[in-house]
Every structure is written in structure tokens, then in C-alpha cells.
Amino acid sequence: MEGTTMQNKIRSRRTHHKSRSGCKNCKRRRVKCDEKKPSCTNCLQHSVECDFGIASDWTSVSPSPPASGPRQQYRFKQSKFQTALSSKGEQKASSIGVQCDLPLDYSSNSGISMADLQLYHHYITSTYKTLTYEPEDVHRVYQTHLPQWGFTFPSVLHLILAISALHLGSKQPDQRDQYVRQADDHFTFGVRSVTFVLSRLSSENCQMIYISAVLICLVYFGHGPTPGEYIVFSETGKAEWLVLMRGVRSILESRREEIFTGILEPVPGPRADTIGPDLLAELVQHKQHIIGVKHFIELHTVDQDTRDLCISACMNLMTTFEDVYEQRTLGRDGICLMAAIIGWIYRLPETFIIHLEDKHPFALIVLAHWSILLRYMQTSWLMVGWDKHVISGIRTSLREDFHMWIDWPWDVIHA
């Protein structure tokens with residue numbers, strides 16, 4: 001009797017619940033999943049995101065979560081550490097890495113490494129300060145909102161990491177090549193991501209798409225001058241930055257009122273009542289030379305349309321000089337002048353831009369006098385060297401008999 005009981009005990013097996021629909025993490029690790037929701041016990045113990053609590057696999061680029069359903073978020077893989085022996089036989093721990101899966105359709109080619117976390121940290125502690133004039137950034141757009149947007153809008157994340165890498169490269173020249181490579185990788189993903197959603201521009205994502213386009217333009221400047229590229233014209237005709245700026249313009253034209261609301265609503269800054277005596281003397285000199293160019297164009301341009309375009313550009317340029325010198329009176333320079341200086345380019349008629357691309361001498365002479373303003377942005381790491389680069393490109397593109405008409409900007413920039 002006792003033997004029979006023992007045999008029954010041996011034959012019997014403890015019943016258990018066989019998991020057929022466990023979470024992906026447990027299936028990948030080949031362990032039993034208790035299928036508890038919203039997170040199974042194994043995932044909780046290992047501090048990883050359980051896919052029971054995720055409605056989708058984050059493979060689509062969605063700038064904002066749907067009205068119903070979970071908010072998009074990043075899934076951080078567990079940190080892995082391994083014990084290794086040093087050359088002296090001592091044990092030491094080395095990090096294999098932490099990676100963050102991005103909610104992109106090309107997620108297999110992307111992810112955030114420890115090096116990228118370094119870039120993120122550098123952005124939120126240092127780089128953002130170089131992209132805006134903090135006292136007037138009352139909504140903390142670059143400090144707070146861009147990093148937050150990056151968690152649901154991948155292009156913003158990649159582009160702030162690209163700018164951060166370029167900023168580090170400017171501060172550490174001996175490692176610049178390494179940082180430029182990182183910046184290029186993130187720039188590629190950032191452009192690809194924003195291009196993917198651009199066809200779905202809406203009131204919900206227009207601010208983030210607009211900011212992405214602005215960041216793309218800033219990355220261009222942060223790379224520094226490129227041979228043959230002179231912001232608004234190039235040796236081959238169309239300039240890369242000008243193509244980027246046209247993208248910004250097209251977005252603004254379709255969604256301006258929706259973009260400049262809330263945290264992006266412009267906040268008027270202080271104005272200078274008068275311009276300081278020394279700066280006023282400089283401003284008068286600049287305006288006198290622009291007036292001289294205007295008279296030269298009036299006398300030597302046969303085509304009425306070209307004459308009107310160039311004269312209008314001269315008049316607008318004098319107004320831009322006045323705006324810049326008002327800000328300089330308040331002690332502003334560098335990035336503070338970006339809106340006024342680049343704004344002149346932004347407002348140029350497309351026909352004048354075409355003249356620049358065609359290297360029309362009168363259009364280039366006007367542009368040469370604009371390039372003086374780039375000199376006052378040299379305190380920004382983004383704009384270092386651009387003034388000399390642009391005036392050199394203009395001089396190279398002009399016939400020698402026109403060089404005398406750009407002597408003034410050439411001398412001011414090289415002073």
C-alpha cells in the first residue's frame with residue numbers, strides 16, 4: 001500500500017498555468033509570464049516597460065497622442081553591466097550601454113546611447129542658453145518645452161542633440177570631428193522624421209514642425225561655413241540654407257496664426273529711445289554707403305524691375321540697420337540679433353533671391369552691405385566666421401570693376 005502511494009506521488013505533477021500569451025519581454029527571455037496587467041511581475045522586477053501597458057509598438061511617427069488611448073513614451077531597456085578582469089586580474093564593472101527605442105518607423109536604425117544622453121544633458125544645461133536671449137524667453141521655449149516635445153516628436157529630439165553635439169565641438173576643437181559625426185547622424189534622423197510628418201501638417205503639430213524647421217536652419221549655421229555656400233547663393237546657384245529657409249516660410253504661410261500662439265506667441269522686447277553717440281556715428285556711415293549704392297543702381301540699371309527690386313532692398317536694409325543698432329544700444333549682440341538680421345533675408349522678394357542665385361552684380365553689392373551685420377553676431381558660436389565667408393564669396397563672384405562698391409563692407413568686416 002505504501003509503495004502504491006509513493007508511485008502515485010512520483011507520477012503526479014504540480015499543476016501550473018501555462019502562458020500562451022505572455023508579454024514580449026518574457027517570451028524573449030524564455031521565462032514564464034504571469035500575464036498580470038498593466039505590467040507582469042517579471043517586467044516590474046526588472047524595471048522594464050511591459051508591452052501589456054502599451055497599445056502600439058510605437059512604429060509610427062505621431063507628433064501628439066490621440067485624444068483617447070495611452071500617451072507615447074520611450075521604452076528604456078535595462079542597463080547591462082558585466083564583470084571583467086583588468087590586466088592586473090582585478091574585477092571591474094563596465095557598462096555595455098543603455099538604449100532608448102524611439103517611436104519611429106525606422107527605429108531599428110535609431111536609439112539613444114550613453115553618448116546621446118551626454119548630448120541631452122549638455123543641451124539642457126548649456127546649449128539652450130546659446131539659442132535664445134533668456135531674459136525675453138518668458139515661456140522657456142528652448143530650456144523647457146523643446147526637451148519635452150522631444151519625447152513625443154522625434155525630430156525635435158534628434159535636432160536638439162545635433163545642435164548640442166555641434167556646440168560641444170565648438171568648445172572642444174580637438175574632439176570636433178567626433179561631435180560633428182554625432183551631429184550628422186542626428187540631423188539625418190531629424191530631417192527624415194520631420195519630412196515624414198510634413199504632409200500631415202495640422203493645428204496639433206504645426207508648432208513642433210515649425211520649431212523643427214528652425215532647428216534645421218540653426219544646425220546649418222552651427223556646422224560653420226562651407227566652401228562654395230554663402231547662405232543665400234552658392235557657386236552652383238541655389239544655396240542649401242536658402243532651401244531650408246523656404247521650408248520655414250512655407251510652414252509659416254499656411255499656419256502662422258496657429259504657430260504663434262501660446263508659448264510661441266511673440267513677446268515684444270524693450271526698445272531704445274535713442275542710439276548711443278558712438279553707435280549712431282557708425283550707423284550714419286553705414287546708411288551713407290547704402291545710399292551711395294542706391295544711387296549707383298538708379299544710374300546704371302536699365303531694367304526697371306531690377307532697379308525697383310534693388311532700391312527696395314536698400315531701403316529695407318537701412319531699416320534693418322536701425323533695428324540692429326537699437327538693440328546694440330541695449331547691449332545686445334550675437335543670437336539676440338538673429339531675428340532682425342535673418343529677417344531681412346526672409347522678407348526679400350523671390351525675384352530678388354533669384355537675382356542673388358544668378359549672381360547679379362547689383363544684388364550681390366546690396367547683399368555685401370547686409371553681411372556687415374553678421375560681424376555683430378560673432379559672439380554667438382553659431383555665427384563665427386560667417387561674415388568673412390559671405391563677403392569673400394561675394395567678392396569672388398563679382399567682376400573686378402565692381403569690387404570698389406564692396407570696399408566698405410570688406411574693410412568693416414576685416415577691421
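Predicted model: local features only at pLDDT ≥ 70, side-chain atom pairs only at ≥ 80, totals over all residues.

Residues are numbered from 1 along each chain as its sequence is written, and side-chain values use heavy atoms, with hydrogens and water left out.

**Exercise 1. The chain as a whole**

Task: State how many helices and strands there are in the chain, and what share of the residues counts as buried.

Solution. Begin with secondary structure, where helices (H or I, at least four residues) and strands (E, at least two) are DSSP runs numbered from the N terminus. On that basis the chain has 16 helices and 4 strands. Next take burial, for which buried means under 20% relative accessible area, exposed over 50%, and partly exposed in between, with a 1.4 Å probe and protein chains only. Of the 415 residues of the chain, 46% count as buried. Finally turn to contacts, defined as heavy atoms within 4.5 Å: among those in the chain with a separation of 6 or more, 66% join residues 24 or more positions apart.

**Exercise 2. Two partners of H11**

Task: Determine how helix H11 (residues 304-329) is oriented against helix H10 (residues 277-300), and then against H14.

Solution. Two packed helices are described by the angle between their axes and the distance between the axes. Here axes are lines fitted to C-alpha atoms, for helices over the stretch in contact, and angles run from 0 to 180 degrees between N-to-C directions. Angles under 35 degrees count as roughly parallel, over 145 as roughly antiparallel, 65 to 115 as roughly perpendicular and the rest as oblique.

Step one: the axes of H10 and H11 come within 9 Å and cross at roughly 175°, which makes H10 roughly antiparallel to H11. The residues of this contact divide into 14 nonpolar, 2 polar and 7 charged, where Ala, Val, Leu, Ile, Met, Phe, Trp, Tyr, Cys and Pro count as nonpolar, Asp, Glu, Lys and Arg as charged, and the others, Gly among them, as polar.

Step two: H11 and H14 pack at an angle of about 0°, with their axes 10 Å apart, and are therefore roughly parallel to each other. On the H11 side the contact is made by Cys310, Ala313, Cys314, Leu317 and Phe321, and on the H14 side by Phe362, Ala363, Val366, His369 and Trp370. By class, this contact has 9 nonpolar, 1 polar and no charged residues.

**Exercise 3. The largest pocket**

Task: Describe the volume and the lining of the largest pocket.

Solution. On a 1 Å grid over the protein atoms alone, a pocket is an open set of points where a 1.4 Å probe fits, with protein on both sides within 12 Å along at least five of seven lines, and lining residues have an atom within 4 Å of a point. Grid points are joined across faces, edges and corners, and a volume is the space filled by probe spheres set on the points. The largest pocket holds about 1700 Å³ of space. Its lining comprises 45 residues, of which Tyr210, Phe260, Met338, Ala339 and Ala340 lie nearest the centre. Helices H5 (141-149), H8 (206-223), H9 (240-259), H11 and H12 each supply at least two residues of that lining, which divides into 30 nonpolar, 6 polar and 9 charged.

**Exercise 4. Single residues in their surroundings**

Task: For Ile342, Tyr120 and Ser155, give the helix and the contacts beyond the sequence neighbours.

Solution. Ile342 lies in helix H12 (residues 338-346) and is buried, with a relative accessible area of 12%. Leaving aside neighbours within four places in sequence, Ile342 is in contact with Phe221, Trp241 and Trp370.

Tyr120 belongs to helix H4 (residues 114-125) and counts as buried at 18% relative accessibility. With residues up to four places away in sequence not counted, Tyr120 touches Pro147, Phe151, Leu157, Ile160 and Leu161.

Ser155 is found in helix H6 (residues 154-171) and counts as buried at 0% relative accessibility. Leaving aside neighbours within four places in sequence, the contacts of Ser155 are Gly190, Ser193, Val194 and Ser212.
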